[in-house]
Amino acid sequence: MTTTDSRSQSTTSTVRLGVNGSEHELALDNRTSLLDALREHLDLTGSKKGCDHGQCGACTVLLDGRRVNACLVLAVTAQGREITTVEGLADGESLHPVQRAFVDRDAFQCGYCTPGQICSAVGVLSEARAGWPSAVTPPESGPPEVPVALDEAEVRERMSGNLCRCGAYANIVPAVLDAAAAGHAPGIETGYEPGGTR
């Protein structure tokens, strides 16, 4: 009978992560979450650790343009993929249109959930532009490749994975709609002008 000493098996890997346009090589425990790799190893602390169970959305980042809860993704599985955090959205000193809309609408209070809210909103606009339906999208809205018209109900449903303990939802929804109306998501209809009242 042969036994294998589990201590002889490596529990670490060299991981290459592409984050915000830069490549990083890290030696990580295989169980390290993407969130911990970003925060603890790359000092990208915009993504927050809230529940650490994928329920609050404070850790939302974009993985190949799609929003994910970074606390649920193992860093080793993110190799070869494009990771975008809230720190990578702005273009130098110019804020991303969603960031600008959040500032203009005062769509935050304590700010803890804001990076995750902003990354999620960028994902929402991309999904709507691609024609991905949500649970509230009417069946008659058209074929999947037609952009989905965003309204308050659509934004609330699509952003429902991001919790705000301060209750800033009254300004978050208009901020997302402002970013869509401002042309950040070409082809998406919203029915109003940015900054208007609902």
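This is a short tour of a predicted model, stop by stop.

Because the model is predicted, local features need pLDDT of at least 70 and side-chain atom pairs count only at pLDDT 80 or more, while totals for chains, interfaces and linings use all residues. Residues are numbered from 1 along each chain as its sequence is written, and side-chain values use heavy atoms, with hydrogens and water left out.

**Stop 1: the sheet**

Start by colouring the strands (DSSP runs of E, at least two residues, numbered from the N terminus, as are helices, which are H or I runs of at least four). Five of them, in the order 2-1-5-3-4, form an open sheet with mixed pairing; two strands pair if DSSP finds at least two bridges between them. Strand 2 (22–29) and strand 4 (66–69) are at the edges with a single partner strand each, so one side of each has no neighbour in the sheet. From one strand to the next, the twist averages 40°; axes are lines fitted to C-alpha atoms, for helices over the stretch in contact, and angles run from 0 to 180 degrees between N-to-C directions.

Now select residues 12–19, which are strand 1: it pairs with strand 2 in the antiparallel sense over 8 bridges. Pick Arg16 and look across to strand 2, where its bridge partner is Glu25.

**Stop 2**

Select Asn20, in the loop between strand 1 and strand 2. Its phi is near 50°, a positive value in a residue other than glycine. Asn20 is partly exposed, at 28% relative accessibility; buried means under 20% relative accessible area, exposed over 50%, and partly exposed in between (1.4 Å probe, protein chains only).

**Stop 3: helix 1 and its end**

Move to residues 34–41, helix 1, whose buried residues are Leu34, Leu35, Ala37 and Leu38. Their cover includes strand 1, strand 2, strand 3 and strand 5, where contact means heavy atoms within 4.5 Å.

Next comes Asp43, in the loop between helix 1 and strand 3. Asp43 also has a positive phi, near 55°, and is exposed, with a relative accessible area of 62%.

**Stop 4: the lining residues**

Finally, select Leu35 again with Lys48, Lys49, Gly50, Cys51, Asp52, Cys56, Cys59 and Cys71: these line the largest cavity. This lining divides into 5 nonpolar, 1 polar and 3 charged residues.

Notes: On a 1 Å grid over the protein atoms alone, a cavity is a set of points where a 1.4 Å probe fits but cannot get out, and a pocket is an open set with protein on both sides within 12 Å along at least five of seven lines; lining residues have an atom within 4 Å of a point. Ala, Val, Leu, Ile, Met, Phe, Trp, Tyr, Cys and Pro count as nonpolar, Asp, Glu, Lys and Arg as charged, and the others, Gly among them, as polar.
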